[in-house]
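The sequence and the structure are shown first.

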Amino acid sequence: MNKRHSLLFCSLLLIFFSGNSCRKSENTTVPDAFRVTVRVQDEPISLLPLLSSTSVGSQVVRHIFWPGAEFDPFDLTYRTLLYTGIDNGSMETEGPWKGAQRFDLQIRPEATWSDGEPITAADYLFTVKAAFLPVSAVSGFASFFGNLLDVQADAQNARLVHVWIKHDYMLARELASNFNLMPRHVYDPEDVLAAYGLSQLKDPQSSGLDLATDAAFQALDQSLQLVDMTPENIVGSGPYTLAQWESKQYLVLKKVEDWWGDKIRQDDAFFHAYPTEIVYQVIPDEQVALTALKDGSVDVAMIARPDNYLAMEQEPGATDRFAFGHASNSVYMYIGMNNQHPILRDPLVRRAMSYSMDVDQVITTLMNGLAERTVGPFMPGSPYYNTDLQPIPLSMEEALKALNEAGWTDSNRDGTVDKMIDGQRVECILPIMVSANSSLGQNVALILKDNAAKIGVNIELDPIADNATLRQRINSGEFVMATLSNSPSVGIYDPYQSWHSQSYRDQTGNVIGFTDPECDAIIDSLRHEENPAELVEEYHQFQAELYREQPVIFLVIPEVLFIYRKDYKVQPAVVKPGIWEPSILPEQL
Amino acid sequence: MGRFIVIRLAGMLVTLLALALALFTLYQWLPGDPIENLAGGSRRDQEAAFDPKLYAQRYAIFAGRYAMDRPYFYFSLVPGGMPGAFLRLSNHRQRSVFKSWYRQLGDADLVRSWVEELERLSASDQDMRVVNLARSASLQTSLGASIRQFRQLPEDLLQASEIKPLLDRLEVRLQSRQWLGLSLRWHGADNQFHQWVRGLWTGDFGRSMHDGRPVSAKIKEALAWTTSINGLAMLLAFLIAVPLGVYLAAFAKPGVARWVQFLLYAAYAIPVFWMATLLVVLFTSDTYGMNWLPSVTVSYGYEQGSAFQRIFRHLGQLLIPVLTLILTSLAYLTRQMEKSLHQQLEAPYLATARVWGMSRRRRIWSYAVPNALFPIITLLGSLFPLAIAGSVTLEFICNIPGMGRLLLDSILTKDWPVLFYTTLLIGGLTLIGIFLADLLYALLDPRVRQSGFA
């Protein structure tokens, strides 16, 4: 199953991104030593992959700790990093995991940790088990490993690891290989986790294990939580290692001396790490970041607000000194609707809301044109995106028609439409949660509010002081509408978690409470689809069903914006945050 | 004097404890749950599958680690007969809901039955309306409202859910509910408040809930920045304001005085954030051809080089924030000094000195100025808290990782240990500042010494 997905995915993506991808010229001379300073809005919480949960954390950690395989940041080809290769698995024919997908992963003979120790199967086993330590909860890796049945080190070959994954899991290849390995000898020198089986850690209650009172387990957990973020404690396999971290000021990565990857001549972005130092300069305020760019304190600045980006571009002489880059972002913005809410349970009401949302105004007014409209959870450039679906236009007539069709009329002439639901007259009043920190989210909600008022729907803004509380309310179903964003996987997309009704029923995902039997059937089918062409077709059908049901109002995919010194060459990357720091080079060279 | 110090110190201790209690109480009312994020609850809507069982285990472990599974205070005043286990539930929201249910029913077994029934229905294959109702009822304190909502379900759904007998029992119980009385439960030191305030005398403030770093280390780093900026700004502002005030009051020509005052008030009228932005935008880059001041960012390589180079870089980094604070506070201090000196110059004792033939210079510098400084000293007490708390906007604009930013970050990330001890530290140092100002006042004024109050 994975083979067909991979072949299709890679070939299609190569076609789509080949036009955008601009690689370093082979004739370029790389200077012996140079530093790149990148502005980041905040610092990572941790540099250990299992303890890192923020986007800036991922941005930094990926250059220190490598996964076995990863999507190329420029063309999204799935490439092997620590492994000699990755096939698409085979079906196990015997033993306890008969029928499961089996992967045999051979770690490269050259691959070592930054302290010189070899990377072995023991490190793979440690990382998988460590994901079940409570302290790893923030990363969500344990849930990621839910479909992992077993992992074993080969008895003869210390660098060979055998992995078994549930037979029907469509992201098996990524599950087996796409997570950052951590060195066991550094983070579990006593090999505490060797005493626990994977099944015990996945379900301790059934195996009679009380991890909350298990002293050795808890001690390891706490020791991992207390790891100081100092260079000697950060040992990874990637091209960079931590050189210095001044909290809330800057974080410096330096190229690993005699890095094993330099011995491997591979023509992909991962094995070309040019800057000898990457400095992440923490600057929360965007205006200060722009000033720092002007005074030369930073070389590359990621810019969140399009108006700041454009204002800088229009400053006299700015284009002489700086280049203005942008990239597609794998984040889509949408208005989440609680599909279990008595009013929004009706797809016609949800459609009326979609007709009331002026997405073009969002793009032109709020995002200065630096965003692309989307009608589904796929990137518009992706082969899975259904181009037959036309964005729902702003139409108050259609919105009113849908509302009336759903039985909503202003029977009491108070300006708000109403309807009898479960024997009670209900006025159409819909609170929308917005983050008090996000002016964009608030403005999007205001656009909807103004338009919805024209058809007698009263949208009330409910500002929430912090994002964590907003998330908590959404996860517990205590919301009606909310302005949100999401990042789908850059690889093959499994829609089960976010869109299948069983996820809502099991409380494992689908927080908007979307339940649609047709959509469930498509998801169930595409997860077992054998034919690649059919898979594309089913992704299109899935998207068409979402379009018909309008469980959320899909808005836009914002462009990632960055400004950099003109004498540097910065290629836009497809993965977040839109740049790939190790590929940055001085232009004149 | 001894009595004065004792009264003051005792008052400070009481105030500090009251502040700790107020902070702790306010925190309980804050929305959101920091443990939920630590336990991975915020990943429910992410693309990888979320495991509710694993989440529940982790929630309990983290709540235990941060003492959140203990009673709130040394004692609890609860409805009579309430099980102690309800006061030790790790989830605070669940704790308050369970307490409310018990208050309404007065029957712990019935509360447990209700909880079990809702859990069963929430995870069942029943119609979604039943499942949704069970989930929302588990968060709702009003049992009457939940029962009414279940009763509104179509009869077939209600029958299939098998909850009807329990609803009947709940209704009967609610109708026959009686005053349960109040009972006092003593928890001793095994409570959340004690765990937090204990850090005040053990010096162990624990670890941040956000990044796991020691709270004391985070505060120390931020405090170093804020005190150096605000301390330096205060010192320089006083050093400039005092002679300038003297000049304006005693030596300046009226025309010059008016111009100086106009300029001072103009600087005073500009908000701190605007002043800082102007200085940063105008003077740290070539955009306006005035790249005269160093960058506001603390760049890599900052701590390298000789001690002299490091001090020089450090002062460069502080230049804009210090300048901003001086410019925005100079008018106030100068005016205070000027006004105070004016009053002294018009005092009868100086007229007498003049009659005796004392020179003007001596009258001003030996008598009027020392006495005029008296109210300036009291200003120290009010400025000291500012020096510690920092200015959030200034720290953002000048990219300084000081106390203001630490406080704001801890609020936004619900980093309770950092927030608690940072606020207490600011409160404590404010009290010390006021105490020192009062002490100086008392040393200078015998009337204060005798009364014990400034």
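## Interface and cores

Between them, chain A and chain B bury about 6,000 Å², 48% of it on carbon and sulfur atoms; buried area is the accessible area (1.4 Å probe) that two parts lose on being put together, summed over both. On the side of chain A, Gln472(A), Arg505(A) and Gln507(A) lose the most area to chain B, together 11% of what that side buries. This is a predicted model, in which local features need pLDDT of at least 70 and side-chain atom pairs count only at pLDDT 80 or more, while totals for chains, interfaces and linings use all residues. Residues are numbered from 1 along each chain as its sequence is written, chains are lettered from A in the order in which they are written, and side-chain values use heavy atoms, without hydrogens and water.

The composition of the contact (heavy atoms within 4.5 Å) is as follows.

| Chain | Residues in the contact |
|---|---|
| chain A | 73 residues |
| chain B | 68 residues |

The rule finds 3 salt bridges across the interface of chain A and chain B, a salt bridge being a side-chain nitrogen of Lys or Arg within 4 Å of a carboxyl oxygen of Asp or Glu. The side chains of Arg93(B) and Glu478(A) form a salt bridge at 2.4 Å, N to O.

The largest nonpolar core has 178 residues, of which Tyr124(A), Met481(A) and Trp499(A) touch the most other members. Such a core is a set of buried (under 20% relative accessible area, 1.4 Å probe, protein chains only) Ala, Val, Leu, Ile, Met, Phe, Trp, Tyr and Cys residues joined through side-chain atoms within 4.5 Å. Beyond its neighbours within four places in sequence, Met481(A) is in contact with residues including Ile335(A), Leu430(A) and Ile459(A). A second, separate core of 44 residues includes Ala252(B) and Leu379(B).

Notes:
Buried means under 20% relative accessible area, exposed over 50%, partly exposed in between (1.4 Å probe, protein chains only).
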